[in-house]
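Here's a quick briefing on a structure, taken topic by topic. Have the model open while you read.

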Amino acid sequence: MIYLLSNSKQLFTSTAYQECNVNDVINWLNANKIIEFDTETSGLEVQTSDVLCYQFGNADNQFIIDYSAYPLFFFKDYFNNPEYLWIGQNIKFDLKFLIKDKINIWNINVYDTMLTECLLTAGLKNTSVSLLTLVNKYCGKTLDKSVRGEINRFGLTERVVKYAAGDVTYLSKIMRLQLKEILKQDLEEVLNLEMQVTKIFAEMEYNGLQLNQEKWKKAALEGKANATKLHNELDDIVLQHPNLKKFRKKYVQTSMFDFVERQVLINYNSPLQIACVLEALNINTESTDAKELEKFKHIPFILKFIEYKKQQKLITTYGENVLKVIRPDGSITTSFWQIQSTGRVSSGDKKQGYPNLQNLPATDTYRNPFEVDKDEVLIDADFSGMEAVITAELSNEENWIKANNDGLDLHSINAEMVYKNKWKDTALEDCEYYLHTQKCKCPEHKEMRQKVKTTTYLYLFGGGASKLSKQMNITKREAQTILNDFESSVPKLKAVISSVRQFTRRNLYIRTMKPFMRRRYFEDYSKMADEDRSKYLGELDRQSFNAVPQGSGADCTKQAMIYIKEELTFKQIPHKFRLQVHDSIMLSTPKEYGEQVKEITVNNMIKAGALICKKAHLGAEAYVGTYWQK
């Protein structure tokens with residue numbers, strides 16, 4: 001049955017629902033401890049939107065509550081009661097409006113049907129986690145979503161009330177059926193992790209970071225200046241290259257103000273014109289995309305063109321457009337997608353205009369404009385070499401573990417193992433590697449170390465000789481030799497990678513490390529055509545091992561956030577979570593707590609690291625400041 005709680009008497013002419021009073025809602029809440037919960041709001045941005053109504057319910061009864069009559073805060077004691085479980089679909093969105101109503105969301109027990117479905121389908125293609133899909137999949141029902149957004153135009157109409165009730169009718173059944181799969185696949189630990197940490201992501205989205213507009217405008221202007229400089233340098237290459245004569249003007253005019261007309265006829269933003277330039281340079285490629293052109297970056301025009309396209313993308317993504325989404329309090333926020341295929345987090349939303357702050361260039365130019373509130377400090381902490389440490393733990397390679405735990409330079413150690421006598425013969429007398437096993441300044445060591453470092457990460461991510469040759473601008477034969485020598489130097493890692501790939505091919509999933517054991521699923525390739533199967537197996541091999549350290553790192557970072565939140569809450573230290581960038585966690589606190597919060601943050605990150613890394617020490621470091629630093 002649908003009930004409506006409102007002071008607007010004109011709403012009760014419909015027979016589709018019944019009028020109720022606040023005591024009816026309270027009596028129902030007292031009798032039910034598992035509550036389906038949803039909100040209808042005037043918009044998606046919490047600072048500029050209002051809750052219009054919200055709903056409590058289950059399969060039998062749904063209560064639609066007019067916010068203007070009873071704000072969310074009215075039911076604060078129920079939200080904060082540990083005996084209650086609040087079920088939502090993308091509940092992170094609703095939690096932000098609870099924060100706005102001064103409700104402490106950390107005390108709320110939540111279950112998110114969308115996040116659970118993300119766990120059960122992580123990595124699979126052509127899957128949907130929308131409520132429409134889940135209701136159909138688990139309940140065999142079809143929701144009418146055509147009413148979505150109508151409340152903004154017409155308020156609480158009969159159609160809106162019925163629509164709102166539908167959002168709190170099926171969630172309990174979906175949860176019960178999802179939990180059967182969660183238990184079957186042994187995902188309880190990671191499910192609990194995601195349900196806890198979604199409350200912190202809600203807090204991050206609510207808080208955001210302050211943006212110094214003057215600094216940002218300066219960064220945008222600098223970006224445009226860099227693009228202009230690269231554009232002019234491309235023109236210079238065209239004017240000097242013998243194969244590109246047809247792209248130059250025959251006659252150039254100069255105005256009375258000494259303005260010289262551009263001599264080049266190429267629009268560098270036109271794929272069609274760039275394709276003509278490539279043809280003139282005898283470059284055969286299927287695409288003019290900068291990523292595709294990487295293999296030709298030894299050619300001056302291509303190298304400069306790639307730099308230009310990257311700068312243009314920066315201008316588009318992180319230019320003056322960002323200023324359009326500054327919120328009333330002067331802050332910028334983002335939207336987090338909490339569970340990607342490996343468990344990592346992504347950010348940004350093009351529809352809402354939220355920038356992807358996780359991909360923000362790691363330069364002072366772009367990061368320094370992000371600040372915290374007055375009288376606060378920013379604690380920015382990150383794990384030290386997370387994926388390399390996790391890989392050392394996974395492989396049990398003694399040299400890797402020793403290098404990590406003793407603070408030695410792993411890439412130099414690997415370079416010595418790969419190059420052997422060549423490494424020894426090219427050492428200078430004061431070589432820091434031979435003195436203290438640290439990164440040295442020997443010219444040839446520096447080059448060899450860089451090659452091995454590049455090889456290490458490429459090997460972990462499943463890359464081959466072709467990709468390595470492009471990255472290092474060397475022949476494929478030389479790249480294959482380096483790869484072979486590197487692989488011979490890490491026999492245990494090679495064996496683990498082989499084992500992971502075999503397991504994944506047999507089972508079509510791979511798991512992260514204990515205790516979380518997250519699953520990353522792969523498509524069933526048994527019925528694919530031979531050519532498609534061969535291509536897919538290559539992709540599976542590349543992605544399967546990478547999913548383990550990457551997913552385990554995501555688990556570790558999320559657990560660290562929970563540990564930090566628990567201790568700061570227990571000690572009643574004021575704080576605001578601000579941003580997460582993969583293995584980095586940012587929060588703010590009043591200045592007098594800065595060093596204390598820094599210590600708590602680092603200690604809890606190390607504590608989380610110890611859950612998965614028993615032999616290799618996963619460390620963390622942090623700084624205290626007033627703005628985001630490089």
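Tyr268 is buried, and Phe301 is buried too (buried is under 20% relative accessible area, exposed over 50%, partly exposed in between, with a 1.4 Å probe and protein chains only). This is a predicted model, where local features need pLDDT of at least 70 and side-chain atom pairs count only at pLDDT 80 or more, while totals for chains, interfaces and linings use all residues. Residues are numbered from 1 along each chain as its sequence is written, and side-chain values use heavy atoms, with hydrogens and water left out.

**Aromatic pairs**

- Tyr268 and Phe301 make a tilted aromatic pair, 6.4 Å centre to centre with 50 degrees between the planes. Rings of Phe, Tyr and Trp (its six-membered ring) pair if their centres lie within 6.5 Å; planes under 30 degrees apart are stacked, over 60 edge-to-face, and the rest tilted.
- Tyr268 sits in the loop between helix H10 (213–240) and helix H11 (271–280), and Phe301 in helix H12 (residues 300–318), so the pair ties together parts 33 residues apart in sequence. Helices (H or I, at least four residues) and strands (E, at least two) are DSSP runs numbered from the N terminus.
- The count of aromatic pairs comes to 30. One of them, Tyr84 with Trp86, is stacked, at 6.1 Å centre to centre and 20 degrees between the planes.
- Tyr84 is buried at 3% relative accessible area, and Trp86 is buried at 1%.
- Both also belong to one aromatic cluster, whose members include Phe37, Tyr54, Phe56, Tyr84 and Trp86.

**The sheet**

- Seven strands form an open sheet with mixed pairing, in the order E2-E1-E5-E4-E3-E6-E7 (two strands pair if DSSP finds at least two bridges between them).
- Strand E2 (18–19) and strand E7 (110–112) are at the edges with a single partner strand each, so one side of each has no neighbour in the sheet.
- E3 and strand E4 (residues 51–57) run antiparallel, joined by six bridges. Phe37 has Phe56 in E4 as its bridge partner.

**Pockets and the cavity**

- The largest pocket holds about 1,100 Å³ of space. On a 1 Å grid over the protein atoms alone, a pocket is an open set of points with protein on both sides within 12 Å along at least five of seven lines, a cavity is a set where a 1.4 Å probe fits but cannot get out, and lining residues have an atom within 4 Å of a point. Grid points are joined across faces, edges and corners, and a volume is the space filled by probe spheres set on the points.
- Its lining has 38 residues, with Leu44, Gln89, Asn90, Phe93 and Arg148 nearest the centre of the largest pocket. E3 gives the most to that lining, at five residues.
- By class, the lining of the largest pocket has 14 nonpolar, 14 polar and 10 charged residues (Ala, Val, Leu, Ile, Met, Phe, Trp, Tyr, Cys and Pro count as nonpolar, Asp, Glu, Lys and Arg as charged, and the others, Gly among them, as polar).
- The second largest pocket has about 770 Å³ of space. Arg344, Glu387, Phe461, Gln550 and His582 are the closest to its centre out of 20 lining residues.
- H23 supplies the largest share of the second largest pocket's lining, six residues.
- There's one cavity of 30 Å³ or more, lined by Glu45, Val46, Lys96, Glu205, Arg327, Thr333, Thr334 and Tyr354. Four of those lining residues are charged, two polar and two nonpolar.

- Cover for the buried residues of H16 comes from elements including helix H15 (398–406), helix H17 (421–425), helix H18 (432–436), H19 and helix H21 (476–489).
- Lys420 follows H16 and has a positive phi, near 50 degrees.
- Thr454 is found in helix H19 and is buried, at 15% relative accessible area.
- Leaving aside residues up to four places away in sequence, Thr454 touches Leu468, Gln471 and Met472 (contact means heavy atoms within 4.5 Å).
- From Thr454 to Trp628 is 174 residues in sequence and 28 Å in space, C-alpha to C-alpha.
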